[in-house]
Amino acid sequence: MDEEENPRDGTREGAGNSTSDDTAADADSGVPSTDTSDGDGSADGASVADDVSSEDSVSPEDGGDDVSPEDIDIQASIGPDADAPDEDLDQHKDPDVGLDKVVLNDDEGSKGLFDDLLAGEPIFENKEVLRPSYTPHELPHRTDQINQMATILVSALRGETPSNILIYGKTGTGKTASAKFVSQELESTSQKYDVPCEVEYINCEVTDTQYRVLAQLANKFIEKNVERIEAEQERLDEMRTRATEDPNALEDTPYDSIAELDERAAELDDDADEMETVPMTGWPTDRVYTTFFDAVDYKERVVVIMLDEIDKLVEKSGDDTLYNLSRMNSELDNSRISIMGISNDLKFTDFLDPRVKSSLGEEEIVFPPYDANQLRDILQHRADVAFKPGALTDDVIPLCAAFAAQEHGDARRALDLLRTAGELAERGQADTVEEAHVRQAQDKIELDRVVEVVRTLPTQSKIVLFAIILLEKNGVRNINTGEVFNIYKRLCEEIDADVLTQRRVTDLISELDMLGIVNAVVVSKGRYGRTKEISLSVPIDETEAVLLTDSRLGDIESAQPFVQARFDN
């Protein structure tokens with residue numbers, strides 16, 4: 001049927017009649033239609049916004065004319081076409097809207113994983129001040145020991161060899177912090193007076209063999225030597241450039257000609273080529289020692305080698321390292337070496353060769369434990385920097401000091417306690433650190449300490465401790481060494497481990513007692529002699545769980561038969 005133009009709305013009837021009816025229905029309902037075609041296929045340029053703002057426009061609710069498709073500008077309604085040229089796109093940009101005002105998926109109801117944790121106000125100003133690795137600018141109650149160290153080491157600033165120093169003291173008495181403080185002062189003063197003096201720090205609990213100690217020291221000095229060579233080569237290049245432009249530029253230098261500059265540069269290149277770093281394994285020990293010797297003696301300097309936890313080095317590798325280091329000065333031409341050893345064990349020198357002991361222990365400094373008042377001063381000094389003002393209640397620092405004073409005056413323990421209490425308060429989004437947080441921190445640190453100590457025990461010590469736990473779990477009280485040894489043997493057979501002698505097992509029990517894991521008391525049995533009565537000093541379930549994480553102990557499917565064997569024996 002032929003199409004006729006509808007005089008009412010300008011649409012055409014015929015083949016597209018159903019569409020026209022839908023469009024008219026949409027117009028009658030006030031819903032804008034997306035069909036904008038008129039008779040010739042063109043779109044009306046008047047936009048909806050223009051119609052609404054017009055004075056004579058009337059909404060359908062007011063009884064005015066219906067909005068027809070010709071009254072709607074689709075381009076203005078949905079924005080520019082994606083295929084439109086850039087200049088057309090620019091016409092539709094809002095000049096007041098930038099990328100910084102665009103928010104994607106702005107849903108106020110959804111929060112990320114860390115949003116709630118970041119919602120509270122932080123309690124700490126600088127938490128690093130409370131960590132053991134931090135070296136403070138002032139060490140309360142250690143002035144005497146610091147002055148004693150400075151008196152010994154001042155000879156290094158005169159180009160002389162300082163006496164070797166051994167520093168003793170229990171854990172957390174400020175030994176390492178004081179030694180590092182003095183070392184920093186020594187190096188800064190040496191730079192001030194242009195005296196070649198260097199301090200090298202080695203933690204022997206980590207670097208615990210002669211090879212590793214010598215390799216680490218050698219590589220440190222090789223690195224410094226290479227930096228020195230590169231700096232001197234740069235100066236030579238500058239001097240050569242000036243001498244090329246001005247023949248008199250070398251008058252105030254040690255070199256008379258460009259040829260001498262080139263000769264010295266060639267020597268430095270050869271020296272740099274010979275500076276081969278030591279791998280952490282693979283070389284003979286004598287080659288490592290020779291490399292370290294040459295690296296130290298490359299230029300004139302006084303070197304202080306600080307060996308922290310020196311007793312661990314002696315325990316693992318004997319005294320060969322200390323013997324070689326203490327005898328080096330008789331062979332060095334340019335440098336001088338002094339050793340500063342730090343130890344928690346006052347008796348470790350008893351196991352040294354007499355020659356090493358006499359040369360190493362020239363000066364001894366003892367660090368006594370802190371008392372509660374001294375710990376309070378230390379904590380207050382750190383807390384002023386670590387926490388925001390008003391973050392601590394008045395009873396927090398005294399309580400931390402009291403807890404630490406009970407454990408032999410350990411300042412490190414006191415600082416850990418204060419830091420952990422602050423972390424617990426911050427996690428709970430509390431405004432201040434209170435006494436309850438300190439008591440929670442005390443329980444948490446105690447358990448963490450037990451877990452760490454037990455986890456790092458040697459395998460044989462773990463087996464002995466596991467035997468004690470099995471006995472206690474089965475109701476055995478006043479456990480003696482023989483009972484532990486019987487269970488220990490069965491456990492070793494089960495996991496195919498070497499069986500130590502009963503005397504050695506007794507020594508391992510004593511070591512566990514020293515660590516505070518068990519309590520071993522020597523009890524007299526009259527004419528039957530003496531024996532050790534053993535009991536656990538740590539939580540039994542947590543300790544057993546840590547032991548079972550060891551792959552060898554974890555293979556034991558049922559421990560009950562081994563405990564029953566105790567009664568059979």
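**Entry 1. Terms and overall view**

I count a residue as buried under 20% relative accessible area, as exposed over 50%, and as partly exposed in between. I note that the model I examined is predicted.

I looked up the secondary structure and found 22 helices and 10 strands in the protein chain. Of its 569 residues, 39% count as buried. I then turned to contacts between residues at least 6 apart in sequence, and 71% of these join residues at least 24 apart. The protein chain exposes about 32600 Å², and carbon and sulfur atoms supply 46% of that area.

**Entry 2. Salt bridges**

I searched the whole structure for salt bridges and recorded 25.

I began with R287, which forms a salt bridge with E276; the closest N and O atoms are 3.5 Å apart. This pair links distant parts of the chain, with R287 in helix 10 and E276 in the loop between helix 9 (258-274) and helix 10, 11 residues apart.

I next examined E544 and K473, a salt bridge whose closest N and O atoms are 2.8 Å apart. Here too the pair links distant parts of the chain: E544 lies in helix 21 (residues 540-548) and K473 in helix 18 (residues 459-473), 71 residues apart. E544 counts as buried because its relative accessibility is 14%, whereas K473 is partly exposed at 46%.

K312 and D311 form another salt bridge, with 3.7 Å between the closest N and O atoms. D311 is buried, with a relative accessible area of 9%. K312, at 29% relative accessibility, counts as partly exposed.

I also noted a network of salt bridges that links E198, E200, K220, K224, K299 and R301.

Where does E300 lie? I located E300 in the loop between helix 10 (285-296) and strand 5 (301-308). E300 has a relative accessible area of 60%, so it is exposed. Leaving aside residues up to four places away in sequence, I found that E300 touches P196 and N334. I also checked D333: E300 and D333 are 33 residues apart in sequence, and their C-alpha atoms are 8.3 Å apart in space.

**Entry 3. R336 and its surroundings**

I found R336 in strand 6 (residues 335-343). R336 counts as partly exposed because its relative accessibility is 29%. Which residues does R336 touch, not counting residues up to four places away in sequence? I listed T161, R301, V302, V303 and N329.

**Entry 4. Helix 19 and helix 20**

I looked up how helix 19 (residues 481-495) and helix 20 (residues 502-514) are arranged. Their axes come within 10 Å and cross at roughly 110°. Helix 19 is therefore roughly perpendicular to helix 20, because angles of 65 to 115 degrees count as such. On the side of helix 19, the contact is made by T481, G482, V484, F485 and Y488. Helix 20 contributes Q502, V505, T506 and I509 to the contact.

**Entry 5. Positive phi values**

Most residues other than glycine have a negative phi.

For D496, phi is near 60°, a positive value in a residue other than glycine. I placed D496 in the loop between helix 19 and helix 20. D496 is exposed, with a relative accessible area of 68%.

For H141, phi is near 65°, again a positive value in a residue other than glycine. H141 sits in the loop between helix 5 and helix 6 (143-153). Its relative accessible area is 34%, so H141 is partly exposed.

**Entry 6. A nonpolar surface patch**

Which residues make the nonpolar surface patch of about 400 Å²? I recorded L113, F114 and L118. L118 is placed in helix 5 (residues 115-119). L118 is exposed, because its relative accessible area is 66%.

Definitions and conventions
Residues are numbered from 1 along each chain as its sequence is written. This is a predicted model: local features need pLDDT of at least 70, side-chain atom pairs count only at pLDDT 80 or more; totals for chains, interfaces and linings use all residues. Side-chain values use heavy atoms; hydrogens and water are left out. Helices (H or I, at least four residues) and strands (E, at least two) are DSSP runs, numbered from the N terminus. Buried means under 20% relative accessible area, exposed over 50%, partly exposed in between (1.4 Å probe, protein chains only). Contact means heavy atoms within 4.5 Å. Accessible areas come from the Shrake-Rupley method with a 1.4 Å probe; for residues, only the protein chains shown count as cover. Patches are made of residues with over 30% relative accessible area and no salt bridge: like charges are joined within 9 Å, nonpolar side chains (Val, Leu, Ile, Met, Phe, Trp, Tyr) within 5 Å. A salt bridge is a side-chain nitrogen of Lys or Arg within 4 Å of a carboxyl oxygen of Asp or Glu. Axes are lines fitted to C-alpha atoms, for helices over the stretch in contact, and angles run from 0 to 180 degrees between N-to-C directions. Angles under 35 degrees count as roughly parallel, over 145 as roughly antiparallel, 65 to 115 as roughly perpendicular and the rest as oblique.
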